[in-house]
Amino acid sequence: MRRDVVVVGGGIAGLVAARGLAATGRDVLLLEGSPQVGGKLRSAEVAGLTVDVGAEAMLARRPEGLALAEEVGAEVVHPTPATSAVWSRGALRALPRSLMGVPLDLDQLAGSGVLSPGGLARARAETGTAVDDDVSVGDLVAGRLGDELVERLVEPLLGGVYAGHARRISAAAAVPQLLAMARRGSLLEQVADLPTSTAPVFAALPGGMGRLPGLVVDGGGFEVRTSATVRALRPVTSGRSGSGWALTVGPTTGAETVEAAAVVLATPAAATARLLGDVLPDAAAELGAVEAASVAVVTLAFRAQDVPDALFDRSGFLVPPVERRTIKASTFSFAKWAWVRDLDPDVVVLRTSLGRHGEEATLQAGDEGLVRVSLADLAAMAGITARPVDTHVQRWGGALPQYAVGHLDRVARVRASVAAQRGLAVCGASYDGVGIPAVIGSARQAVASVTRAE
Ligand SMILES: Cc1cc2nc3c(=O)[nH]c(=O)nc-3n(C[C@H](O)[C@H](O)[C@H](O)COP(=O)(O)OP(=O)(O)OC[C@H]3O[C@@H](n4cnc5c(N)ncnc54)[C@H](O)[C@@H]3O)c2cc1C
């Protein structure tokens, strides 16, 4: 049977695109290669408690995530007032308020002790390097405020989002606000003038972001097939039913062809590049050049009495690469989210994350090895020395696209090629931002381009 639309990939981008297209009355089939939808939004059981093992929050200062939650009837919650920290110069230190590492308040930065006196003096003496074209976030900030600020604040903050390196990630794509400020004048003066807001920065679903995919599917009016990997895509110009697309689905030994008037590719860049290889070789080459970082999330459950009291006021901490530890962050889910704490008052759940772009060796250890290094780092940096009552390791291979300098131009070229093909659209984390609201936004854009084209 020929469908109106096939959406390839059942991460949040594909699910939102499928739901949006079904809402216009189209017959929509979503094909997901793995056994379950959700992509990087996933829950698992640890010590009998269901918690997130992928994304665990979404920005609340962009509208798309909150709007989706409302659309699917989900309540949202915000983190507790617990504060985050950064491990720097031998201690856990309060994370100073900043715009991706550019401090809002130099005195607060000084008080935190994150930087050495020399690093602080360099930041205070902001120099005015001119910025024209796109540049890496690291080079932009280091040129103005010095290397140490980049190493100890920008790196861990950017690493938390992209698992990448500040000297390689595009300022225009990742922090356009900072690039615009650098073009106008002093970074320090402009960030200090940013309006302060008491509105929560993050939101999540009680029970976890892993619940969101199921809610988007429920009542979404589209058909889902899992364990249905799409292997090839080709245009068809067959007679009566008009032009469209043919997709080769399933194992090579039992492949099936599905036809559709329109196709939305909501797959990661590498998979999208493979599918576009014959159709749009230039766009495929552009997408094939988008590198991705692999990461792992280790979830650990401890008896509540075994965790130092001081940690109950901390939402977690970041670790700059310059510190040469193995974990790059830990989220104290039990302190950050009331819903996690309420699951079982006697058990606390926290997680560590490991893996940076180009540092795959860290993840070559087996699951037990990742647990072991996590425990060693937690003992050294947070004083947690107890044995966990349960652990869970979730590996995310090639999960976080790296927005290299020039990424926005690359995306514009890809979108222009794709838009020239009738009934074809792309969306997902490889284009306009890796955070959930940005990904939802890209899916909405794909819906608009498919519906506009007809
Ligand atoms: C560990 C981790 C933590 C994160 N934490 C946060 C967070 O707290 N907040 C936040 O905003 N963002 C977070 N992110 C980022 C965010 O979760 C992702 O960028 C976003 O969920 C990606 O959605 P997507 O739909 O674009 O891609 P994906 O979730 O990757 O979905 C793509 C889907 O396509 C499927 N697929 C691939 N190839 C094919 C094929 N050929 N045929 C059929 N199906 C295919 C895959 O199986 C997958 O299900 C995190 C990411 C990771 C990895």
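Predicted model: local features only at pLDDT ≥ 70, side-chain atom pairs only at ≥ 80, totals over all residues.
Q: Why is Val-77 called buried?
A: Val-77 has a relative accessibility of 19%, and since buried means under 20% relative accessible area, Val-77 counts as buried. Val-77 is found in the loop between helix H2 (63-71) and strand E6 (83-88). Its C-alpha lies 8.8 Å from that of Ala-338, although the two are 261 residues apart in sequence.

Q: Why is Ala-255 called partly exposed?
A: Partly exposed covers what falls between the buried limit, under 20%, and the exposed limit, over 50%, so Ala-255, at 40% relative accessibility, counts as partly exposed. Ala-255 sits in the loop between strand E13 (244-249) and strand E14 (256-265), and its C-alpha is separated by 45 Å from that of Pro-321, which is 66 residues away along the chain.

Q: What makes the backbone of Arg-89 and of Arg-324 worth noting?
A: Most residues other than glycine have a negative phi. Arg-89, which is not a glycine, has a positive phi of about 50°, and Arg-324, also not a glycine, has a positive phi of about 55°. Arg-89 is placed in the loop between E6 and strand E7 (91-94), while Arg-324 is placed in the loop between strand E16 (314-318) and strand E17 (329-331).

Q: Why is Arg-324 called exposed, and why is Arg-89 called partly exposed?
A: Exposed means over 50% relative accessible area, and Arg-324, with 74%, is therefore exposed. Arg-89 has a relative accessible area of 34%, which lies between the limits of 20% and 50%, so Arg-89 is partly exposed.

Q: How do you know that the buried residues of H16 line one face of the helix?
A: The buried residues of helix H16 (residues 407-419) are His-407, Val-411, Val-414 and Val-418. Seen down the axis of H16, these residues fall within an arc of 65°, so they line one face of the helix. The face turned away from this buried side carries the exposed residues Asp-409, Ala-416 and Ala-419.

Q: How does the span of H16 from its first C-alpha to its last compare with the expected value?
A: H16 has 13 residues and reaches 18 Å from its first C-alpha to its last, which is close to the 18 Å expected at 1.5 Å a residue.

Q: What puts the buried residues of H12 on the same side?
A: In helix H12 (residues 281-288), the residues Ala-283, Ala-284, Glu-286 and Leu-287 are buried. They cover an arc of only 160° around the axis, which puts them on the same side of H12. On the other side of H12, Asp-282, Ala-285 and Gly-288 are exposed.

Q: What makes a space in this model count as a cavity, and how many reach 30 Å³ or more?
A: A cavity is a set of points where a 1.4 Å probe fits but cannot get out, and by this rule the count comes to 1 cavity of 30 Å³ or more. About 90 Å³ of space lies in the largest cavity. The elements that give two or more residues to its lining are strand E4 (49-52), helix H14 (338-341) and strand E18 (347-354).

Definitions and conventions. Residues numbered from 1 in each chain as written. Heavy atoms only, no water. 1 Å grid on protein atoms, 1.4 Å probe; cavity = no way out; pocket = protein on both sides within 12 Å on 5 of 7 lines; lining within 4 Å. Points joined across faces, edges and corners; volume = space filled by probe spheres on them. Helix = DSSP H or I, 4+ residues; strand = E, 2+ residues; numbered from the N terminus. Expected span 1.5 Å × (residues − 1). Buried < 20%, exposed > 50% of the residue type's maximum accessible area, 1.4 Å probe, protein only. Arc of directions from axis to C-beta.
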